[in-house]
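Visitor: I am new here and would like a friendly tour. Could you show me what we will be talking about?

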Amino acid sequence: MNLFKLSHLRQAQRQVGWRVLMTLILTAILVLGAMFLTDTWLTEISNTNTHAINQFNKVTAVSNIRRLMDGAESAQRGYLLGNKAGYLQPYDGNKQQIQQELTKLSNEMQTAWTTQQEKEWFNQLNSICSARLLEMDMVLNLAKSGQQMEALNLLRTDHGLQLQQQFEQ
């Protein structure tokens with residue numbers, strides 16, 4: 001009878017052991033599946049975050065370019081109207097910063113997150129900024145050489161205003 005109980009006990013242990021083993025295997029599979037899904041979600045979140053940062057950097061650069069362009073124009077007009085060399089330093093500083101922001105924006109445009117439409121828009125923006133700065137330089141160069149009337153006449157053509165309106169679109 002003891003033998004019968006002992007064999008029954010061993011058989012029960014084997015059955016419980018298999019159940020525990022199967023439960024552990026199933027748990028391990030579920031844990032691995034959860035890890036895979038979590039890793040996939042984290043990768044997707046990371047990619048979305050990178051895209052958002054890239055878009056934020058683009059918007060910030062354009063905003064900075066607009067602000068700097070306004071400052072350069074203000075300094076240009078201050079020099080033209082006041083004929084004070086103190087306006088040239090802010091103009092030159094803003095012009096240099098505009099170039100830096102355009103370079104930064106160009107670098108942001110090299111990412112995989114940039115669409116073809118954005119690239120075309122950037123090329124247009126770059127052209128507008130270059131033309132706007134060239135026009136301001138021409139006005140300043142005329143004024144520096146003592147040709148204030150010619151500088152004012154060039155300013156009154158509103159070519160710069162048209163370029164600014166294109167920039168804002």
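Visitor: In which helix is Leu42 found?

Guide: Welcome! This is a predicted model, in which local features need pLDDT of at least 70 and side-chain atom pairs count only at pLDDT 80 or more, while totals for chains, interfaces and linings use all residues. Residues are numbered from 1 along each chain as its sequence is written, and side-chain values use heavy atoms, with hydrogens and water left out. Helices here are DSSP runs of H or I with at least four residues, strands are runs of E with at least two, and both are numbered from the N terminus. By that numbering, Leu42 is found in helix α1.

Visitor: How many helices and how many strands are there in the protein?

Guide: Read along the sequence, the pattern is α-α-α-α-α. The count for the protein is 5 helices and 0 strands.

Visitor: Is Leu42 buried or exposed?

Guide: Buried means under 20% relative accessible area, exposed means over 50%, and partly exposed lies in between (1.4 Å probe, protein chains only). Leu42 has a relative accessible area of 53%. Leu42 is therefore exposed.

Visitor: Which residues make the nonpolar surface patch of about 580 Å²?

Guide: Patches are made of residues with over 30% relative accessible area and no salt bridge, with like charges joined within 9 Å and nonpolar side chains (Val, Leu, Ile, Met, Phe, Trp, Tyr) within 5 Å. The areas come from the Shrake-Rupley method with a 1.4 Å probe, and for residues only the protein chains shown count as cover. This patch is made by Phe36, Leu37, Trp41, Leu42 and Ile45.

Visitor: Which residues is Ile98 in contact with, leaving aside its neighbours within four places in sequence?

Guide: Contact means heavy atoms within 4.5 Å. With those neighbours left aside, the partners of Ile98 are Ile65, Leu68, Met69, Ala72 and Leu133.

Visitor: Which residues of α4 are buried, and which are exposed on the other side?

Guide: Helix α4 covers residues 148-156, and Ala151, Leu152 and Leu155 are buried there. They cover an arc of only 95° around the axis, taken from the directions from the helix axis to the C-beta atoms, so they sit on the same side of α4. On the other side, the exposed residues are Met149 and Arg156.

Visitor: How many residues apart in sequence are the parts that Lys58 and Glu118 tie together?

Guide: A salt bridge is a side-chain nitrogen of Lys or Arg within 4 Å of a carboxyl oxygen of Asp or Glu. The side chains of Lys58 and Glu118 meet in one, at 3.2 Å from N to O. Because Lys58 lies in helix α1 and Glu118 in helix α3, the pair ties together parts whose separation in sequence is 60 residues.

Visitor: Which helices hold Asp137 and Lys95?

Guide: Asp137 and Lys95 form a salt bridge, with their closest N and O atoms 2.5 Å apart. Asp137 counts as buried at 17% relative accessibility, whereas Lys95 is partly exposed at 25%. The pair ties together parts 42 residues apart in sequence, with Asp137 in helix α3 and Lys95 in helix α2.

Visitor: What separates Glu101 and Lys104 along helix α2?

Guide: Their side chains meet in a salt bridge (3.3 Å, N to O). Glu101 is buried, with a relative accessible area of 11%, and Lys104 is partly exposed, with 42%. Because they are 3 residues apart in helix α2, Glu101 and Lys104 are separated by about one helical turn.

Visitor: How many salt bridges does a search of the whole structure find?

Guide: Besides the pairs we have visited, Glu73, Arg77, Arg132 and Glu135 are linked in a network of salt bridges. For the whole structure, the search finds 6.

Visitor: What is the phi of Asn83 near?

Guide: Asn83 lies in the loop between α1 and α2, and at 46% relative accessibility Asn83 counts as partly exposed. Its phi is positive, in a residue other than glycine, and is near 55°.
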